[in-house]
Amino acid sequence: MVFSPSFLPLSHLFLVTLSLSSSRTIIHAAVCSEPKNIDAVKALLSRAPIASLSTADEELWTPLHSAASSGRSPAAVALLLSLLSSPSAKDGGAAAAASAADPLTSGKRTPLHYAASKGHAEIVRVLLAAGADPAAADGTGARPLHRAAGGAGSLDVLRTLLAAAAAATAAGAKPAIDARDRWGRTALMAAAAAGRRGAALLLVARGASLEVTDGEGRTALEVATAEGGTAEAGKHLARQMQSLASGEVTEEDVLGDLG
């Protein structure tokens with residue numbers, strides 16, 4: 001849906017100086033602007049047609065995906081979610097409150113997948129508070145925990161996702177820490193394969209299994225040894241994981257230097 005930005009004051013016209021070469025809209029661009037521009041973003045979003053707030057491009061990428069992936073403005077993410085879950089949004093045919101935080105791309109990824117993979121901890125918290133599903137599986141079967149563990153997700157992001165998953169399990173959901181993707185890999189295996197020592201050790205400390213095998217029949221220890229960086233680094237990570245799982249060392253012992 002196209003609308004005129006002519007209502008914006010001159011100082012806010014930075015929002016309309018963008019390329020029209022793709023099917024993404026001015027809303028996609030605005031929610032990725034710097035936090036200092038939040039007043040302009042509020043002016044745009046509050047006066048835009050409700051349906052335009054969830055307009056998707058050819059890959060079903062919505063403004064919420066853009067905001068979550070960019071990581072620049074948690075306030076813009078919160079504002080989008082508030083508007084998308086409002087009564088007027090539901091009346092106007094936009095995403096209902098229950099699914100407003102979980103629109104899917106053509107690859108079945110939610111905004112939480114992107115925020116988690118890029119380490120945007122505050123945006124992860126905003127999405128979860130709005131009802132985003134911490135166990136949502138994308139087109140490859142990967143959960144946000146897989147994306148955080150094997151991507152650039154910080155320990156802060158992992159702790160937040162693990163807490164959300166634990167709360168969901170306590171409420172009756174299936175445990176998510178050892179969920180497997182299309183290739184049978186768990187989040188722990190994703191971390192081990194990427195050589196992400198802190199992520200792997202945190203997952204072990206929080207109960208991730210060392211016994212589960214992937215589609216090739218390998219455990220997380222074997223994945224760490226085979227793929228976790230250099231041969232020596234992989235072996236060292238595998239030893240630390242095993243020591244932590246056996247109780248020889250504690251989470252504080254192995255993660256104290258990582259925060």
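Analyst: What follows sets the computed values against the definitions behind them. This is a predicted model, in which local features need pLDDT of at least 70, side-chain atom pairs count only at pLDDT 80 or more, and totals for chains, interfaces and linings use all residues. Residues are numbered from 1 along each chain as its sequence is written, and side-chain values use heavy atoms, with hydrogens and water left out.

User: What makes up the secondary structure of the protein, and by what rule?

Analyst: The protein has 14 helices and zero strands. Helices (H or I, at least four residues) and strands (E, at least two) are DSSP runs, numbered from the N terminus.

User: What makes the pairing of Asp57 with Arg24 a polar contact?

Analyst: A polar contact is a pair of N or O atoms within 3.5 Å; within protein, one must be able to donate a hydrogen and the other to accept it, and residues adjacent in sequence count only if both atoms are side-chain atoms. The side chains of Asp57 and Arg24 make such a contact at 2.7 Å. A polar atom of the Asp57 side chain also lies 2.8 Å from the backbone nitrogen of Glu59. Counting contacts as heavy atoms within 4.5 Å, Asp57 touches Ser23, Arg24 and His28, with residues up to four places away in sequence not counted.

User: How do you know which class Ser86 and Ala135 belong to?

Analyst: Ser86 has 15% relative accessibility, so Ser86 counts as buried. Ser86 is in the loop between helix 4 (74-84) and helix 5 (87-91), and a polar atom of the Ser86 side chain lies 2.8 Å from the backbone oxygen of Leu83. Ala135 counts as partly exposed because its relative accessibility is 33%. Ala135 sits in the loop between helix 7 (121-129) and helix 8 (144-150). Beyond four places in sequence, Ala135 touches Arg143 and Ala176. Ala135 and Ala176 are 41 residues apart in sequence and 6.3 Å apart in space, C-alpha to C-alpha.

User: Why is helix 11 called mostly covered?

Analyst: Seven of the nine residues of helix 11 (residues 197-205) are buried. They are Gly198, Ala199, Ala200, Leu201, Leu202, Leu203 and Val204. Their cover includes helix 8, helix 9, helix 10 (187-193), helix 13 (231-246) and helix 14 (251-255). Just after helix 11, Gly207 takes a positive phi of about 105°.

User: What makes a space a cavity, and how many are there of 30 Å³ or more?

Analyst: On a 1 Å grid over the protein atoms alone, a cavity is a set of points where a 1.4 Å probe fits but cannot get out.

User: How do you know what lines the largest cavity?

Analyst: Lining residues have an atom within 4 Å of a point. The lining includes Pro134, Arg143, His146 and Ala176. Helix 8 and helix 9 (155-170) each supply at least two lining residues.

Conventions. Buried means under 20% relative accessible area, exposed over 50%, partly exposed in between (1.4 Å probe, protein chains only). On a 1 Å grid over the protein atoms alone, a cavity is a set of points where a 1.4 Å probe fits but cannot get out, and a pocket is an open set with protein on both sides within 12 Å along at least five of seven lines; lining residues have an atom within 4 Å of a point.
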